[in-house]
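I opened my notebook beside the model and went through it one stop at a time. Here is what I looked up, in the order I did it.

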Amino acid sequence: MAVSVARKTPLRRVRNIGIMAHIDAGKTTTTERILLYTGLTHRLGEVHDGNAVMDWMAQERERGITITSAATTVFWGGTGTSKNGKAGRQEGLHTRIPDQYRINIIDTPGHVDFTVEVERSLRVLDGAIALFDSVAGVEPQSETVWRQADKYSVPRIAFVNKMDRIGADFYKAVDTMADRLGANAVPVQLPIGAESEFRGIVDLVEMKAIMYLDDLGAEWEETEIPEELRARAEEYREKLMDAVADQDEELMMLYLEGEEIDPDQIRAAIRKATLDTRMTPVFCGSAFKNKGVQPLLDGVVDYLPSPLDRPPVVGMTPDGEEIQLEADEDGPLAALAFKVQADPHVGKLTYMRVYSGTLRSGSYVMNTSKGRRERVGRLLQLHANSREQREEVYAGELVAAIGLSQTGTGDTLVAAEGEPVVLEQMIFPEPVIDQAIEPKTKADQEKLSVALQRLAEEDPTFSVRSDEETGQTVIAGMGELHLEIILDRLLREFRVDANIGKPQVAYRETIRKRVENIEGRFVRQTGGRGQYGHAVINAEHNDEGGYEFDNKIVGGVIPREYIPSVDKGIQGALDNGVVAGFPVVDVKFELIDGSFHDVDSSEMAFQIAGSMAAKEALKRANHVQRKVREEQAAPERGHHRPRRPRQNHPYRRHNRRLGQARPRRPRKQECSLRADRQRPRRAPARHNHSNVAPGVRHGESPLRPRGLPRTRRLRKEHDHRSGPDGRGDPGGECCGRPHAPD
């Protein structure tokens, strides 16, 4: 696969788009058809056969899902003698676009574990195609990616795919877009037939029908709209005109007077409404059956924006002043690194979007986010996993660079001598599941640390930390599949064999009952000067959280210089609780009485007395409850620990839909055990492990304890029940794909 893209294309004929949808909606299948029709490939790649061009990773081909976003560049339209840099035109194409347009495409994953790929792709794209299953309509991840597109104000068109499936209903799918997404979804096409009878589409702009005569979508003919669809086509034509009439005053007058309206004028009005995100044109077809994809490409050119149609990107100067950068190749250089990828052949690949200016191979740039000067070694135009070397790239283009060792996701690059400007950075969701990891052999110890660091640089939703209390290395990700892919990549790409398992639980203790007049008396007499300390305290649970010490001594029964020693002794006693030896938190102590000796009393004696009184108070405080540490919110039994408000987190809506039929398990007793740094055990993943590399299956061999005291290994005795997380594996690799899987 090779395509010449080094030549410049006018910015008005450039489209930077992404394809986004729920898993199994057909994103990769649609992209494969686009590659075929634009002449980039000469055979169809199928996801279920494991030979899709855009799914180039071994893990993607084994599981039949998209894991990482893949970029490519195609050319569409034009009546000249050049097609994608090759002589002649491909047979079987039907397009009415007179000029040749360059379309940069990013195929994004649909699985919720890899939603970060959608987030950072939409940040740098100008438009998007939202795919929907004609049977399911709007699905949970469809809502997530739609909100992500709303976040960056990305204009989009919709494509109702899989019209050949049993149960396909185009009109119901459009209704779900309005009900669940709040979108102003306006069909510009109607299907002719459905399920096995799907044979063509009605173009509501031209008011003509396109009938497909073969399975490759190469043989087609334009005909009149079938009589059985004439009334419905007229109805939806009226809805389309109502939606766009206010975009053009001349068009409105023609519409009100009932005169014939030129299709180009209608398309211009639809384009204006789409660019303002006030309307979403809806197309239909079946990518798996090669129907409707070529009109969709025409729709990309007609309705999605070029870099010139998007608002100027806004940056901040060191003085805090906002500066707008136009999409001009002669302007100051400004580029945003939106993805970092570890490549075994060339090292670190940095994907970037050039917003302004021209970037040349071998030039020096300034990373204004980190204040570092770097040299661009080489520039590569990517086509999935194949590459073409570029000498320079211009404003509005997507490219990958080699040699930027200090640049990470979200960093801004400007010319080395230019004005330092920082573009808006990206914000990613926090990891939601933890696993402990350790190498199988001592030789893998150092390699594991380096490999995990490189993977963490590549994926902002993957993190690595060392747990000081348990001595374990803990990795965190967006889900079990996410961490499973990480482990698989460690073995295949970095040659590191490792085990993963549940992290050790680090508990906390607290008291639940108020106790009063607890006495601690320390007396030692060994001849000569002895030791004497005496303190009386009250203890109770601190509802406001944390440790609190209240001095209520009056009359000087304990000298003032000894009171801090009592406080220090109490705090020392809280390091080891009386039930299982875990630290005690959220307690309040009151020092109310005591006594001293003129000769034998000392700071050490009162410190020991305070410690003795605190330990006795903990024993008498009815029950000791284990709970999470103060700085983390305590979750309900069987639920994830919240880290921050997650109104827009991808799991929020997903959990509500899939988990609503699984009620929460009632609590059996008043006292509960709650884990710190450990989420409740989830049900076993339903992923098919038949193709997972040897040594990757986690959960088969438990991690060995790291010399923890016996009391720290009570996890097996006090394990959590699996709580209803509601995620399951919707449309994962275990599901069948009779039609156009993702």
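**Entry 1, a helix.** I began with Leu-487, which lies in helix α11 (residues 480-493). Helices here are DSSP runs of H or I with at least four residues, strands are runs of E with at least two, and both are numbered from the N terminus. I kept in mind that this is a predicted model, in which local features need pLDDT of at least 70, side-chain atom pairs count only at pLDDT 80 or more, and totals for chains, interfaces and linings use all residues. Residues are numbered from 1 along each chain as its sequence is written, and side-chain values use heavy atoms, with hydrogens and water left out.

Is Leu-487 buried or exposed? Leu-487 counts as buried because its relative accessibility is 3%. My cut-offs are under 20% relative accessible area for buried, over 50% for exposed and partly exposed in between, with a 1.4 Å probe and protein chains only. I also checked Leu-487 against Ile-437: the two are 50 residues apart in sequence, and their C-alpha atoms are 9.3 Å apart in space.

Then I took α11 as a whole. Of its 14 residues, 12 are buried, so α11 is largely enclosed by the rest of the structure. Among the buried ones I noted Glu-480, Glu-484, Asp-488 and Arg-489, along with Leu-483, Ile-485 and Ile-486. The end C-alpha atoms of α11 are 20 Å apart, which agrees with the 20 Å that its 14 residues should span at 1.5 Å a residue. The expected span is 1.5 Å times one less than the number of residues. After α11 comes Arg-495, with a positive phi near 55°.

I moved to α5 (residues 170-181), whose 12 residues reach 16 Å from first C-alpha to last, close to the expected 16 Å. Its buried residues are Phe-170, Tyr-171, Ala-173, Val-174, Thr-176, Met-177 and Leu-181. I reminded myself that an α-helix has 3.6 residues a turn, so residues three or four places apart point the same way.

What sits at the start of α5? A side-chain oxygen of Asp-169 comes within 3.2 Å of the backbone nitrogen of Tyr-171. Just after α5, I found Gly-182 with a positive phi of about 70°.

Thr-277 is not a glycine, yet its phi is positive at about 55°. I located Thr-277 in the loop between α8 (263-275) and β13 (280-284). It counts as partly exposed because its relative accessibility is 44%. Asn-517 is not a glycine either, and its phi is also positive, about 55°. This residue is found in strand β32 (residues 515-524), and Asn-517 is exposed, with a relative accessible area of 52%.

How many residues of strand β6 (residues 127-133) are buried? The count is seven of seven, so β6 is largely enclosed by the rest of the structure. Gly-127, Ile-129, Leu-131 and Asp-133 are buried on one side, and Ala-128, Ala-130 and Phe-132 on the other.

Two strands pair if DSSP finds at least two bridges between them. Four bridges join β6 to strand β1 (residues 14-20), running parallel, and Ile-19 stands opposite Ile-129. Six bridges join β6 to β7 (residues 156-161), also parallel, with Ile-157 as the bridge partner of Ile-129 in β7.

I then looked at an open sheet of three strands, in the order β15-β14-β26 and with antiparallel pairing. Its edge strands are β15 (322-325) and β26 (422-423), each pairing on one side only. Strand β14 (residues 313-316) is joined to β26 by two bridges, and Met-316 has Val-422 as its bridge partner.

**Entry 5, cavities.** I used a 1 Å grid over the protein atoms alone, where a cavity is a set of points that a 1.4 Å probe fits but cannot leave, and lining residues have an atom within 4 Å of a point. Points are joined across faces, edges and corners, and a volume is the space filled by probe spheres set on them. I counted five cavities of 30 Å³ or more. The largest cavity holds about 100 Å³. It is lined by 13 residues, and the closest to its centre are Ala-71, Gln-381, Leu-382, Leu-398 and Val-399.

Key: Polar contact = N/O pair within 3.5 Å; in protein donor to acceptor, adjacent residues only side chain to side chain. 1 Å grid on protein atoms, 1.4 Å probe; cavity = no way out; pocket = protein on both sides within 12 Å on 5 of 7 lines; lining within 4 Å.
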